[in-house]
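Subject: Structure handover

Hello,

Please find the structure below. My notes on it follow.

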Amino acid sequence: MECTVRWHDGMSFIAETGSGHLVAMDGAPEAGGRNLAPRPMELLLAGTGGCTAFDIVMILQRGRHDIKGCEVKLSAERADTDPKVFTRINMHFVVTGRNLKPEAVDRAVKLSAEKYCSASIMLGKTAAISHSWEIVDQT
C-alpha cells in the first residue's frame, strides 16, 4: 500500500492514494489551517469506522443475512499531551435489515473487532475501544 501526501498551502495537504484517489486535509484555524477539509486524525477515525463497517457488512452478507444498511457512530477521546493519541474510542453500530438475528450481528461485530479490522486492532494498542450495536428491523 502506498500514499503520497503533498503540502498544498497554509496547513492544507492533498493525499493521493495508491489506488489513485485524492483526499484533502486541512488544519484547524488556530493551527494555521483554513478549515477547508477534515483533519488528519478525523480521517484516521473515519477510516477505522469504514474498515469495521466493511467487515460487518461482508460477514453478514456471506452469512446470507438480509442486511440493508450499516452505520457506525464513533466518538473518541485523545490524550491531552503530545503525542495526542486516541485513548478511548466508542463504536455504536446501527444495522438495518430484515429479520436480522441479534447473535449474528453480535458475532459480526466481535469478528471485526477481534480478527479482521486492521485499523481498530492497531488503534487498540493505545485506545480502549468499546462496541455497542442495535438492529433496526425493516420487516
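**Notes on the model**

At 16% relative accessibility, T96 counts as buried, where buried means under 20% relative accessible area, exposed means over 50% and partly exposed lies in between (1.4 Å probe, protein chains only). This is a predicted model, in which local features need pLDDT of at least 70 and side-chain atom pairs count only at pLDDT 80 or more, while totals for chains, interfaces and linings use all residues. Residues are numbered from 1 along each chain as its sequence is written, and side-chain values use heavy atoms, with hydrogens and water left out.

T96 belongs to strand β5, residues 86–98. Helices (H or I, at least four residues) and strands (E, at least two) are DSSP runs, numbered from the N terminus. Beyond its neighbours within four places in sequence, T96 is in contact with D66, I67, K68, G69, V136 and Q138; contact means heavy atoms within 4.5 Å.

**The sheet**

β5 is part of an open sheet of 3 strands, in the order β4-β5-β6, with mixed pairing. The edge strands, β4 and β6 (128–137), each pair on one side only. Two strands pair if DSSP finds at least two bridges between them. Neighbouring strands of this sheet are turned by 15° against each other on average, direction ignored. Axes are lines fitted to C-alpha atoms, for helices over the stretch in contact, and angles run from 0 to 180 degrees between N-to-C directions. β4 and β5 run antiparallel and are joined by 12 bridges. In this pair, S75 stands opposite N90 in β5.

**The helices**

α1 packs on the sheet and touches β4 and β5, its direction making about 150° with that of β4. How far apart are the end C-alpha atoms of helix α1 (residues 40–62)? They are 33 Å apart, which agrees with the 33 Å that its 23 residues should span at 1.5 Å a residue, because the expected span is 1.5 Å times one less than the number of residues.

The buried residues of α1 include L45, T48, I56 and L60. Among the elements that cover the buried residues of α1 are β4 (66–78), β5, α2 (102–116) and α3 (118–123). After α1 comes R64, with a positive phi near 60°. α2 lies across β5 and β6 and runs at about 150° to β6.

**The hairpin**

Strands β2 (residues 12–17) and β3 (residues 22–26) run antiparallel, joined by 5 bridges. I14 stands opposite A24 in β3. The hairpin of β2 and β3 has 4 residues between the strands, and G20 takes a positive phi near 90° there.

Regards
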